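Have the structure open while you read.

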Amino acid sequence: MNKLRELGIEPYPAPLYPVNTTAAQILDGYKPEEGNFQDVCIAGRIMSRRIMGAASFMELQDESGRIQVYVKRDEICPGEDKTMYNTVFKKLLDIGDIIGIKGFAFITQTGQLSVHAKELTVLSKSLKVLPIVKTDADGTVHDGFSDPELRYRQRYVDLIVNPQVKDVFIKRAKIVQTMRDYFNAAGCLEVETPILQAIPGGATARPFITHHNALDIPLYMRIANELYLKRLIVGGFSGVYEFAKDFRNEGMDKTHNPEFTCMEIYVAYKDYLWMMEFVEKMLEKIAVAVNGTTKVMIAGNEVEFKAPYRRIAILDAIKEYAGVDVAGMDVDQLRETCKKLNVEFTPSMGVGKLIDAIFGEYCEKNFVQPTFVIDYPVEMSPLTKRHRSNPALTERFELFVCGKELANAYSELNDPVDQLERFEEQAKLKAGGDDEAMFIDYDFVRALEYGMPPTSGLGMGIDRLTMFMTGQTTIQDVLFFPQMRPEKMVRKEEEASE
């Protein structure tokens, strides 16, 4: 860097550079018989070089891919001063540097489409050594940048040297856009609701707590946006949806990140049966848009997203896979059942969480193909409308794929008296030590008292959906910057293990 400046070359010049094409556009569109791409201006990162005396080759990578560049000394240095080639290009530029090239496209004697450089400009000097990933003729990768700890912590390097990583995030954007188009076509409106909330509602989860200095009150990072979206249904919108950043102060593993993206949608005058068909059609569209087929390989399993999906009541699932009938059991009976089934539980767990623990241990893993688990007990669903034929159950479904929950949906509870009673039951659980139980949201109850039409709602995790549609096995691979332990903590653990 310093030597470049000594030569009068600024290694970080003004940002405007007149790029007029990309590597992919040249590779896809060059036709020698037409003589196109004869005034090329391209910019990118040097990924390899072959110095060959007065003429050399290098590989340039931009956002679209890589292309070979032919650099001839007398072309980029037409006068007597050959510094740009002999000193700058051959000695002061490194793999990882970002440069600009002006020239024209041509086919080399070996038949490779390349850019013949007429002018070379230094645009940004790299001060760190870029990992050089090599693939041999057999397709074997050498010196790969593959350590997950480094890849997730230094995603910028991961994106540079592992181009397949970028494809996952391009597909993620396509997933979200397909969903938006689908919802908009159904007449729904995209909205935004608060992230900082006085009461963290809409889910059973431990929240992050912060403090509002001016008001001198605690505030919570939202764990869900459900209750605000339903307020909008009360206000007269017939369908609303939001792609929301939610936050849950819980552990991290291959399928959980404390900060995640969830899509929630609420449609008036619909029920959970309608929502199941709505979701099936949506997932079909997403699979085809992203992969060109409704069949997707996930963790070695071929998963078929074409409708219809299997439907099974949660109590029937427990009966089938755990061999017990838990319908109507009270807390004590469920605790005894958990002991017999070797299912772990804590004293603070009520009926809902005990049933969920049995279901999680014995049933979830069996649902590889998309499966709607339906009709949950009231104790498990404090925001859900009671089942029209059995008041001990609710009109709720969860969608499972490859043993993991992908979506949660209800016929929404719109009875304000029933809703308050269920909030009060949650408050008792919280008082008993369940820090994931819901707060009582009196303003939401007041909103229901003004009247909310019959409504169906759905929540779906975008991170997990992206994992499924792109065949990734960890949530970290579909987040640009997943939550990581501080580097100092990692180093201390490594030192302790040594």
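This is a predicted model: local features need pLDDT of at least 70, side-chain atom pairs count only at pLDDT 80 or more; totals for chains, interfaces and linings use all residues.

Residues are numbered from 1 along each chain as its sequence is written, and side-chain values use heavy atoms, with hydrogens and water left out. Helices (H or I, at least four residues) and strands (E, at least two) are DSSP runs, numbered from the N terminus.

**Helix α10 against helix α12**

- Helix α10 (residues 314-321) packs on helix α12 (residues 351-362) at about 50 degrees, and their axes are 10 Å apart; axes are lines fitted to C-alpha atoms over the stretch in contact, with angles from 0 to 180 degrees between N-to-C directions.
- That makes α10 oblique to α12, the label left over once angles under 35 degrees (roughly parallel), over 145 (roughly antiparallel) and 65 to 115 (roughly perpendicular) are taken out.
- The α10/α12 crossing is left-handed, meaning the near helix is turned anticlockwise from the far one by less than a right angle, while clockwise would be right-handed.
- Ile314, Ala317, Ile318 and Tyr321 of α10 touch Ile355, Ile358, Phe359 and Tyr362 of α12, with contact meaning heavy atoms within 4.5 Å.
- By class, the contact of α10 with α12 has 8 nonpolar, no polar and no charged residues (nonpolar: Ala, Val, Leu, Ile, Met, Phe, Trp, Tyr, Cys and Pro; charged: Asp, Glu, Lys and Arg; polar: the others, Gly among them).

**Helix α7 against helix α15**

- Helix α7 (residues 163-185) and helix α15 (residues 462-470) pack at about 115 degrees, with axes 10 Å apart, and the crossing of α7 and α15 is right-handed.
- On the α7 side you'll find Val168, Lys171, Arg172, Ile175, Val176 and Met179, which meet Ile462, Asp463, Leu465, Thr466, Met469 and Thr470 in α15.
- The class tally for α7 with α15 is 7 nonpolar, 2 polar and 3 charged residues.

**Ser56**

- Ser56 sits in strand β2 (residues 55-62) and counts as buried because its relative accessibility is 0% (buried is under 20% relative accessible area, exposed over 50%, partly exposed in between; 1.4 Å probe, protein chains only).
- Its side chain makes a polar contact with the side chain of Tyr85 at 2.7 Å (a pair of N or O atoms within 3.5 Å, one able to donate a hydrogen and the other to accept it; residues adjacent in sequence count only if both atoms are side-chain atoms).
- The Ser56 side chain also reaches the backbone nitrogen of Met52 at 3.2 Å.

**Thr21**

- Thr21 is in the loop between α1 (2-6) and α2 (23-29), and it counts as buried at 6% relative accessibility.
- The Thr21 side chain makes a polar contact with the side chain of Gln25 (3.0 Å).
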